[in-house]
Amino acid sequence: MKVLLARTLLIVGAVALLEILCRLGVIPNFTVIPPSAMAQSLWKILASGKFSEDIAATLTNVGIAIAAAMVVGVALGTLLQSWPAARRTFDPLFATYYAVPMYAFYPLLLVIFGLGDFPQIAIGFLLAVMAVIINTLNGLDRVPPVLLKTARVHRLGLVSAALRVRLPYAAPYVFTGFKLAVAYSFIGVVGAEFITSSRGIGYEISFAYNNFDNPVMYAMILFILLLVISVNMSLHAWEKRLLARRRRA
Amino acid sequence: MICSLRGVTRVYPGESAVHALGPIDLELAPGEFFAVVGPSGCGKSTLLDVMAGLAPASAGQISFEGKPVNGEVPDGVGVVFQEDASFPWLTVYDNIAFGLRRAGAAEAEVAAQVGYAIEFMGLKEFARAYPAQLSGGMRQRVCIARTLVLKPRLILLDEPFGALDQQTRLLMGDELLRLWRETGATVLLITHALDEATMLADRVGVMSARPGRFLDIIATGWPRERDSTIVANESFGRMTSRIWKLLRGESLRAMGHG
Amino acid sequence: MKFKEPIVLVALLLIGWQLLYLIVGDVALRSPFSTVQNLKTLLEDARFLPHVRETALAFTQGFAIAVVVGLLIGVPLGAARFAGEVAEPILVALYSIPKVTLYPVILLIFGIGMPAKVAFGAIHGIVPISIFAMNAIRNINPTHLRTARAMRLSTFDLIRTILVPAALPEIVTGIRVGFSLALIGTLLGEMFGSQRGLGHLLMQAMSLHNIERILALTLLLVVFAAGINALLLALDRRLHARV
């Protein structure tokens, strides 16, 4: 637990340093406001419910992107794992996918689908789905042949074998894909909102910036940071619990 | 006759085709306990795969209960593998209940059958545990219970006690005999341990080095009510040495010295 | 043949594109063929090259900073076990936050222009490079180190002949990921808060509803990113195969 303590001290120390530098004016207020002021502003905003519509919109869109990425990703991953020829053909795509600036497609999506939530969800989905596919493939690759044979001894059909044996075995890896899907969906949706949108947390940050409204801007940035970090920590804890029963005692 | 193989061979396809098994002729009488011994790599596991319908025969016919077997596992066949095949994401109870639930049995029926199997295999304290928390031997018992509970008429076991120590093996052998008598199933056991084969089986098939064929099939003549203490019987020693005489040359050949 | 699969894949993608164009029509897409022609025209346009130069300049600087800073952070954290354990979750958390939300902060600090773009590209690249470098150093087989001590190698020789070759494959993977992310960061930075560069042109084309240009620029960026990544990937695989 020394590690936990050290880490907490490090973070608290960094925040405290920032606070001091801001209060002393070493960092001017029109650049960065003190963390305490950020927190205050955030509290005010949440209490007043001023941005609750934006927050709801962002969370909904992120949720849709994650759900779509999981369903499509797991399905495609399972399909490709059972079809080696197709998988080999798409292999270069897997290797190159995340190298391509996905945001470059955003203007294209906006032109095709117009303003509205779909382009943002699409970017989030596109970023997330490949991580799910790759990790699902990885997990399914690791199913021991004896379990595949066992499925056949139990006379399970293809779909049944996938749902009842292969995917449950691969669940830890699918979960890794899920964690990435969550992170990428946030990055995609909020990023897209920032570039062009009419609502959402990303949009409000951009709007506040353009209107020189530092307190609101930093409050929302803080909000996103806290949200993503706490989601990640919960997923991490959940994962540990799920894996505990599969670890050698 | 519950299962018959006629002229069965298996050749693994590929650039350098491997003739792994056969030709094999075998007829299993219903309710008998048949053991297969042979040098390593002779194709014992391939024989099991082919009999179970897990791998297609390259030539010959296999039939189970009068119907041909080809590439699909017939209803009524249970298999216990060498490697641990327990599902790590399910508890012992859920593992054993797997086949029954899939067949759509009512939960009360499931509870009755699974409860019985758990008692029979001595797993009562571990019903809610996960396989990762159990030893290798216990996990193997879970796999056997999972097979048992579906009441197969033919049980195929591929070196199920391979990873266990000698004493545990002897005890598990007794349990296997108990299981065999209670269920009345036909059992085919693959093992590399000669004494295990001789002690447990009604007939022992001795396989040659690859490609595996039956050199001889020896009837032990043991009574149905037997257990591991049969090793004291004087015919035990004679039969085991007879099998070894057949096998010794084959084992040397399998190792490349023949 | 080794190149059969990528060719089939590219062919499939082009066919898919053409089909999509046939369905959607000129209102929202152009065909692959006309896009390539548009791109050619664009590349020959004298007013276009300065933008490419701008983006290239911003990206190169941002990437270079990301590599240097990433290694400076990652290598010591990999060597110092405790510090590495403390820092790792922080780095992983930094990896998953939408860095675009930090862009206003960057703009406030650096003002609009090249420095902000470079900084944005850099922060995108630093995190993966440092994470991979840290793991690369951490995972060096301790037996190598003991062998080196037994052979009484000097520190310099130790680094040169053992540490660098052992850690290099993972570090190159990190640099490859950092390359892609730094590019994304640079483009993102240009997409708002800049008057020059490919990212800016992309946004401009979008607001003018200039579909040909959007597609031509997107194609250019995709081909460039995928191409470089493929080269780095080949290097990556070769290094990993050796280990």
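How far apart do the closest C-alpha atoms of chain B and chain C lie? They lie 18 Å apart, and no contact joins these two chains; a contact here means that the C-beta atoms of two residues, placed from the backbone, lie within 7 Å.

Welcome to a predicted model, where local features need pLDDT of at least 70, side-chain atom pairs count only at pLDDT 80 or more, and totals for chains, interfaces and linings use all residues. Residues are numbered from 1 along each chain as its sequence is written, while chains are lettered from A and ligands numbered from 1 in the order in which they are written.

**Chain pairs**

**Chain A**
- Chain A has ten helices and zero strands, where helices (H or I, at least four residues) and strands (E, at least two) are DSSP runs numbered from the N terminus.
- Its C-alpha atoms fill a box of roughly 70 × 55 × 30 Å along the principal axes.
- Of the 249 residues in chain A, 45% are buried, that is, with 20 or more other C-beta atoms within 10 Å of their own, C-beta atoms being placed from the backbone.
- Among chain A contacts between residues at least 6 apart in sequence, 73% join residues at least 24 apart.

- Beyond its neighbours within four places in sequence, Ala69(A) is in contact with Phe125(A), Ala128(A), Val129(A), Val132(A), Ala181(A) and Ser185(A).

Definitions and conventions:
A residue is buried if 20 or more other C-beta atoms lie within 10 Å of its own, exposed if 12 or fewer, and partly exposed in between; C-beta atoms are placed from the backbone.
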